[in-house]
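Here are a few friendly notes on the charged side chains, for when you next open the model. Please have a look at it first.

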Amino acid sequence: MEDPHDQGPGRAAALATELRATFGKLKRRLRAQADMGDLTPSQVSVILRLEADGAATTSSLARSEGMRPQSMAAVVAALETAGLVRGARDPNDGRQTLLSLTDECRTRMRDGRAARQDWLSRTIAVRLTPQEQDQLAAAIALVKRLIDD
């Protein structure tokens with residue numbers, strides 16, 4: 001792999017590789033700070049979708065996640081068994097069940113986010129000098145430019 005500091009022709013590709021690897025490691029470190037249990041990526045995705053979009057049916061979740069309804073039913077059943085999701089009759093269509101997050105799930109999510117924020121804040125404060133924190137702020141601004149539409 002090319003050195004990401006080199007000005008050669010493969011610099012952008014090398015930077016992209018380094019950025020993905022670094023952010024992947026950061027994501028894993030943050031995940032370790034607030035364990036939501038042994039949830040699968042599909043289960044986490046459903047929880048985050050219900051948090052963002054509100055109550056939904058199993059079939060609408062399946063469409064949103066690009067899964068077969070039978071596969072989504074298994075994901076939902078596991079979340080219900082874990083006490084993270086509950087179903088209630090749709091007031092507009094009694095044949096349908098609307099799924100939503102339980103209070104326990106919301107509490108675990110809030111606590112997990114607080115733990116990740118605390119770890120990251122403390123790590124930045126302890127490991128980086130004020131000048132390095134300024135450099136990090138500048139780097140964050142550059143990353144935002146990469147992902148903003």
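1. Is Arg29 buried, partly exposed or exposed? Arg29 is partly exposed, with a relative accessible area of 36% (buried means under 20%, exposed over 50%, partly exposed in between, with a 1.4 Å probe and protein chains only). Its place is in helix H1 (helices are DSSP runs of H or I, at least four residues, numbered from the N terminus).

2. A word on the source: this is a predicted model, where local features need pLDDT of at least 70 and side-chain atom pairs count only at pLDDT 80 or more, while totals for chains, interfaces and linings use all residues. Residues are numbered from 1 along each chain as its sequence is written, and side-chain values use heavy atoms, leaving out hydrogens and water.

3. On the surface, Lys25, Lys27, Arg28, Arg29, Arg31 and Arg127 gather in a patch of positive charge (patch residues have over 30% relative accessible area and no salt bridge, with like charges joined within 9 Å). Helix H1 (residues 11-33) supplies the largest share, five residues.

4. The salt bridges come to six (a side-chain nitrogen of Lys or Arg within 4 Å of a carboxyl oxygen of Asp or Glu). One of them joins Glu51 and Arg113 at 2.6 Å, N to O. Glu51 lies in helix H2 (residues 41-53) and Arg113 in helix H5 (residues 103-127), so this pair ties together parts 62 residues apart in sequence.

5. Within helix H5, Arg108 and Glu104 sit four residues apart, about one turn of the helix, and their side chains meet in a salt bridge of 3.6 Å, N to O.

Key:
Patch = residues over 30% accessible without salt bridge, like charges linked within 9 Å, V, L, I, M, F, W, Y side chains within 5 Å. Areas by Shrake-Rupley, 256 points an atom, 1.4 Å probe, with all protein chains shown as cover. Lys, Arg positive; Asp, Glu negative; His and termini not counted. Charge placed at Lys NZ, Arg CZ, Asp CG, Glu CD. Helix = DSSP H or I, 4+ residues; strand = E, 2+ residues; numbered from the N terminus.
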